[in-house]
Amino acid sequence: MLTKDLVAASSKPLLLSILAGGESYGYEIIQKVRELSGGQIEWSDGMLYPVLHRLERDGLIESEWKEADTGRERKYYFISSDGRKALKTERRQWLAVHNTLSKLWKIKPVSI
Amino acid sequence: MAGRSQHVEQIMENQTRFDLNAAVENWRNELAAQPNLASDDRRELETHLRDAIAGFQQRGLNDEESFWLARKRVGQPQPLGEEFEKANPAKVWRERVFWMVTAILAAFLLTATSTSLAVVFVSCFPSVEKITNETTLNILFWILQIIGILRLILNGGMNRQFSMLASLLQNRLRLGITAICIVLTVEIFCAAILFWAYVAHDGPYSPMGPFWFIGNHVSNSLIRDLSLVSILIWLAPTQNRKTPKRA
């Protein structure tokens, strides 16, 4: 399980990366993170929304209420062009940390 | 012994048959009691709760288990409210002022319609002026309209209208056009009635009559209402101002 600090720090690149792959809504995002991390990253469901709203306030993502196929309305989020730029920066920084740690731990580094 | 415990279980189940809709309704009320959650936030959390309940149900849990697990996942209303407020401190106030201005505008429009109704009533039945006067009738019609609206809200008949309103709120352009249309319709309708009453009672029709009438009676209220509408448009959520750029 990740520490609270690390969960908070990694939420931005995770959310931007998921939304870069297509629009999504809160419940789906949480399911996806849980699945991809093999349960290692466990977000408290309700707390995801303030994070999304913050990203929206910063102009990195946008949102819209839309009716799903089931007839139920959901608030969908999608990434903005500023968000894509921010994602590139995040990616560079996280890979820099990853590569430094990889060298120290003698794991094969990942190309940026 | 086994038969007896089964019997007890059956009684307990019958006594506390779980009503999922009522449980969600209760939860929604608890959430509504949080002053720092905007209605849009509550709506979003409710869709999440419903998705989570459906997810647990699909895994074979019953209604009650699904509800309690989903509720736990979403979190306690109070810390949620605090986090939401931190993410967007002005949102709740913006929404409150928005509804206050809406209420003021609605009160003005109701006054306009009740005034015209009173004028029509007195014109059609002049004998009522022996019992009462136009001002009293005006107040009476005003109260009747409020009662009508309250009855609609209390009967839950407004649910659909409210969700329509909520979707209007997401788009400034749609909100602005709708509000301007409502204001113009009510004001023009009332002005036409007042003008008709004026021509019928206070004198011969003159070609300048309508202009004089609009200048004196309509322009003030129209300017007032349209400025309220512009405040509403300004207060409306800004999140969809830009055209979405999709991947």
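Tutor: The mean pLDDT of chain A is 89, and 96% of its residues reach 70 or more. Here pLDDT is the predictor's confidence in each residue, from 0 to 100. This is a predicted model, in which local features need pLDDT of at least 70, side-chain atom pairs count only at pLDDT 80 or more, and totals for chains, interfaces and linings use all residues. Residues are numbered from 1 along each chain as its sequence is written, while chains are lettered from A and ligands numbered from 1 in the order in which they are written.

Get your bearings in chain A. It has four helices and two strands. Both kinds of element are DSSP runs numbered from the N terminus: helices are H or I with at least four residues, strands are E with at least two. From the N terminus on, the order is α-α-α-β-β-α. Among these elements, strand E1 (residues 61-67) of chain A has the lowest mean pLDDT, 88. Helix H4 (residues 81-104) of chain A has the highest, 94. Of the 112 residues of chain A, 25% count as buried. Buried means 20 or more other C-beta atoms within 10 Å of a residue's own, exposed means 12 or fewer, and partly exposed lies in between; the C-beta atoms are placed from the backbone.

Now the part itself: helix H2 (residues 26-36) of chain A. Its buried residues are A:Gly26, A:Tyr27, A:Ile30 and A:Val33. Look down the axis of H2(A): these residues fall within an arc of 130 degrees, so they line one face of the helix. The arc is that of the directions from the helix axis to the C-beta atoms. In general, an α-helix has 3.6 residues a turn, so residues three or four places apart point the same way.

What does that face meet? The buried residues of H2(A) pack against helix H1 (4-20) and helix H3 (45-57) of chain A, together with H3 of chain B. After H2(A) comes A:Gly38, whose phi is positive, near 60 degrees.

Take the H1 side first. A:Ser11 is found in helix H1 of chain A. It counts as partly exposed because it has 19 C-beta neighbours inside 10 Å. A:Ser11 and A:Ile41 are 30 residues apart in sequence, yet their C-alpha atoms are 9.7 Å apart.

Next, the wider packing. The largest nonpolar core has 29 residues. Such a core is a set of buried Ala, Val, Leu, Ile, Met, Phe, Trp, Tyr and Cys residues joined through C-beta atoms within 7 Å. A:Leu52 and A:Ile61 have the most contacts inside this core. H1, H2, H3 and E2 of chain A each give two or more residues to it, and so do H3, H4 and H5 of chain B. Leaving aside neighbours within four places in sequence, A:Leu52 is in contact with A:Leu15, A:Gly26, A:Ile61 and A:Tyr77. Contact means that the C-beta atoms of two residues, placed from the backbone, lie within 7 Å. A:Gly26 is one of the buried residues of H2(A). Another core, of seven residues, lies apart; among them are B:Leu175, B:Val229, B:Leu232 and B:Leu235.

The strands deserve a glance too. E1(A) runs antiparallel to strand E2 (residues 73-79) of chain A, and seven bridges join them. Strands pair if DSSP finds at least two bridges between them. A:Lys66 stands opposite A:Arg74 in E2(A). The two strands form a hairpin with five residues between them, and A:Gly71 in the turn has a positive phi of about 90 degrees.

Finally, step across to chain B. It has ten helices and zero strands. Buried residues make up 17% of its 247 residues. The contact between the chains takes 25 residues from chain B and 26 residues from chain A. On chain B, helix H3 (39-58), helix H4 (63-74) and helix H5 (77-87) each give two or more residues to the side that touches chain A. H3(B) supplies the largest share, seven residues. By class, this side of chain B has eight nonpolar, eight polar and nine charged residues. Here Ala, Val, Leu, Ile, Met, Phe, Trp, Tyr, Cys and Pro count as nonpolar, Asp, Glu, Lys and Arg as charged, and the others, Gly among them, as polar.
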